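Dear colleague,

Please find the structure below, handed over for your records. The notes that follow it set out what was found.

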Amino acid sequence: MSSARVDYIAPWWTYWLHNFPHINLRLQPIDNSFKPEDESYQQSLIFLGCVAAAGLGLNLLFLAIYLSCLCCARRDDEDPGDTKKKGSCCVTWSAVSAGLISCMAVGVGFYGNSETNDGVYQLTYSMYNANHTLGGVDSLVSTTMGSMQRGLHQHLARLDEIFATRGDYVQTLQFMQQMADSVIKQLLGLPDWMDAEVDLASVADKTADIEYYRWLTYLLVLILNLVICLLSCLGLAKQSRWLLTTMMVCGVLTLILSWASLGADLATAVGTSDFCVAPDRYLLSQTKGISAEILHYYVYCNQTLSNPFQKSLTVFQRSLTTMQIQIQGLLQFAVPLFPSAEGDLQGIQNLLNSSEASLHQLTALLDCRGLNKDYLDALVGVCYDGVEGLLYLSLFSMMAACSFCIMLCAIPRAWRQIAARERDYDDMDDEDPFNPRARRAGHAPNPAHPNMHSFCSYSSSMGSQSSLHPPAPPTALSNAPVAPDYMNQVALFGGNPRYENVPLIGRGSPPPSAYSQQYRNRYSPSMRATYLSMTEEQSRHFGNDFRA
């Protein structure tokens with residue numbers, strides 16, 4: 001098999017992250033080699049989290065300055081209608097931009113979360129496979145040693161009593177005991193993986209548990225971002241002040257959470273990239289309980305490298321072959337003389353056959369290709385999918401922070417517009433038909449105000465001029481108030497000679513002259529022309545109600 005350096009090539013993004021400045025908390029640059037046990041190296045990763053915390057502080061400071069300026073700002077000299085129109089347009093585009101960025105951020109976050117989960121799953125799967133291989137080696141070694149020490153020893157002890165009268169047979173049994181001791185010695189020379197102080201299954205279990213909670217936490221964060229964005233847009237559309245207030249508080253908390261996740265993802269990605277750039281160097285430095293030669297053999301798995309277990313396995317094979325030859329001779333020559341020895345000789349032969357099968361399995365398990373494949377799969381899962389997913393999660397955190405920053409800038413402006421609109425409604429006369437509150441109240445009649453004729457309602461029901469009712473008698477007119485209510489409104493609002501003589505079509509009162517331009521423009525030229533085209537008879541019928 002080719003070298004692991006050829007099969008595994010670190011991706012470019014790991015080199016990019018590896019070249020990030022590594023600075024400890026005393027602002028001193030340090031070596032960027034992967035040394036998780038070193039305190040200075042740990043501080044360099046914590047420093048990246050502090051950089052994200054500084055970004056959060058600047059972001060909150062910007063929002064505080066913006067909100068302070070917005071609260072202290074005064075109205076410009078522009079037309080209020082134009083100002084409201086521009087402000088509403090600004091809020092709308094800000095909400096649209098925040099919504100689009102938030103949706104894209106959630107999509108990127110889902111992809112990054114899935115990629116990271118796939119990488120960690122491949123890592124744990126490889127660790128379980130490697131642990132199964134190492135456990136199989138230990139099981140075969142312990143089983144073979146047990147059969148040699150106990151089973152073979154019992155058979156040889158009984159045969160020694162049977163062959164007590166034959167010295168040549170006893171000498172053969174002693175030679176077989178020496179071969180068995182040699183096999184046990186070679187098995188003891190194999191590395192005991194339990195002494196490596198690394199339980200891969202336990203590490204894989206802890207890694208899988210941590211990854212599950214990490215994946216679930218990010219999934220909830222992604223859903224929370226989407227829900228807050230949708231509810232904020234709903235609050236802007238419904239102009240709900242309490243909903244906007246709630247979403248503003250949630251937006252601040254989510255903004256803090258986004259910057260915190262950015263710092264954690266960035267520190268984890270940089271630390272993992274430091275390992276991925278030179279994983280062999282770090283693993284070869286971890287030689288507790290295992291020789292560097294064995295680790296070098298499994299890490300590189302090069303055909304030019306000699307198998308460190310080849311000598312022990314060869315001696316094991318030769319010893320078993322020699323013992324089988326001796327058993328075959330005893331079965332052929334000793335059984336006819338000592339029939340009672342056949343059972344023990346057959347038991348030794350079966351034990352040697354099972355030991356030979358264990359030898360073949362042990363040879364396959366100790367070969368570097370299986371463990372090296374698990375090692376490369378773990379590297380690919382961590383350094384490709386894992387680090388790539390962390391980069392996407394970092395991008396999601398930045399996009400989410402940008403989205404909520406825009407949203408937190410737009411919500412106060414929307415709040416201000418809602419408050420201004422309600423203030424305009426409060427300034428209106430409750431009796432005015434243009435007041436939305438009056439329309440919602442159903443225009444309950446006020447007995448304090450006299451009934452006024454409506455030209456439109458009259459003309460719509462008369463059909464033609466010939467169907468006009470005769471004017472009221474003079475006696476009825478003499479009971480009318482001295483000053484009509486309309487004339488009182490003219491005196492109150494200052495009067496306007498251009499519009500105050502134009503009746504409110506379909507209503508019972510003319511438009512107030514003190515209203516803003518948006519209410520004045522509701523009276524189109526066709527409405528005014530309709531009024532001016534009244535016949536003399538219609539004018540006599542309405543009397544002085546619509547005269548200047």
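Helix α5 passes helix α10 in a left-handed crossing, the term for a near helix turned anticlockwise from the far one by less than a right angle, with right-handed used if it is turned clockwise. The model is a predicted one, in which local features need pLDDT of at least 70 and side-chain atom pairs count only at pLDDT 80 or more, while totals for chains, interfaces and linings use all residues. Residues are numbered from 1 along each chain as its sequence is written, and side-chain values use heavy atoms, with hydrogens and water left out.

Helix packing

Two packed helices are described by the angle between their axes and the distance between the axes. For α5 (residues 167–189) and α10 (residues 310–333), the angle is about 160° and the axes are 9 Å apart. That makes α5 roughly antiparallel to α10. Here axes are lines fitted to C-alpha atoms, for helices over the stretch in contact, and angles run from 0 to 180 degrees between N-to-C directions. Angles under 35 degrees count as roughly parallel, over 145 as roughly antiparallel, 65 to 115 as roughly perpendicular and the rest as oblique. Helices (H or I, at least four residues) and strands (E, at least two) are DSSP runs, numbered from the N terminus.

Helix α3 (residues 39–72) packs with α7 at an angle of about 155°, their axes being 9 Å apart. α3 and α7 are therefore roughly antiparallel to each other, and α3 passes α7 in a right-handed crossing.

Surface patch and buried residues

Leu60, Val249, Leu253 and Ile256 make a nonpolar surface patch of about 330 Å². Patches are made of residues with over 30% relative accessible area and no salt bridge, with like charges joined within 9 Å and nonpolar side chains (Val, Leu, Ile, Met, Phe, Trp, Tyr) within 5 Å. Accessible areas come from the Shrake-Rupley method with a 1.4 Å probe, and for residues only the protein chains shown count as cover. Helix α7 (residues 241–277) gives the most to the patch, with three residues. Isoleucine 256 is found in α7 and, at 33% relative accessibility, counts as partly exposed. Buried means under 20% relative accessible area, exposed over 50%, and partly exposed in between (1.4 Å probe, protein chains only).

In helix α9 (residues 292–300), the buried residues are Ile294, Leu295, Tyr297, Tyr298, Val299 and Tyr300. Cysteine 301 follows α9 and has a positive phi, near 50°.

Salt bridges

Searching the whole structure gives five salt bridges, each a side-chain nitrogen of Lys or Arg within 4 Å of a carboxyl oxygen of Asp or Glu. One of them joins arginine 158 to aspartate 344, with the closest N and O atoms 3.0 Å apart. This pair links distant parts of the chain, since arginine 158 is in helix α4 (residues 80–162) and aspartate 344 is in helix α11 (residues 342–366), 186 residues apart. Arginine 158 is partly exposed at 38% relative accessibility, whereas aspartate 344 is buried at 9%.

Arginine 166 forms a salt bridge with aspartate 168, the closest N and O atoms lying 3.1 Å apart. Arginine 166 is partly exposed at 27%, and aspartate 168 is partly exposed at 37%. Between arginine 369 and aspartate 367, the closest N and O atoms of the salt bridge are 2.7 Å apart; arginine 369 is exposed, at 52%.

Yours sincerely
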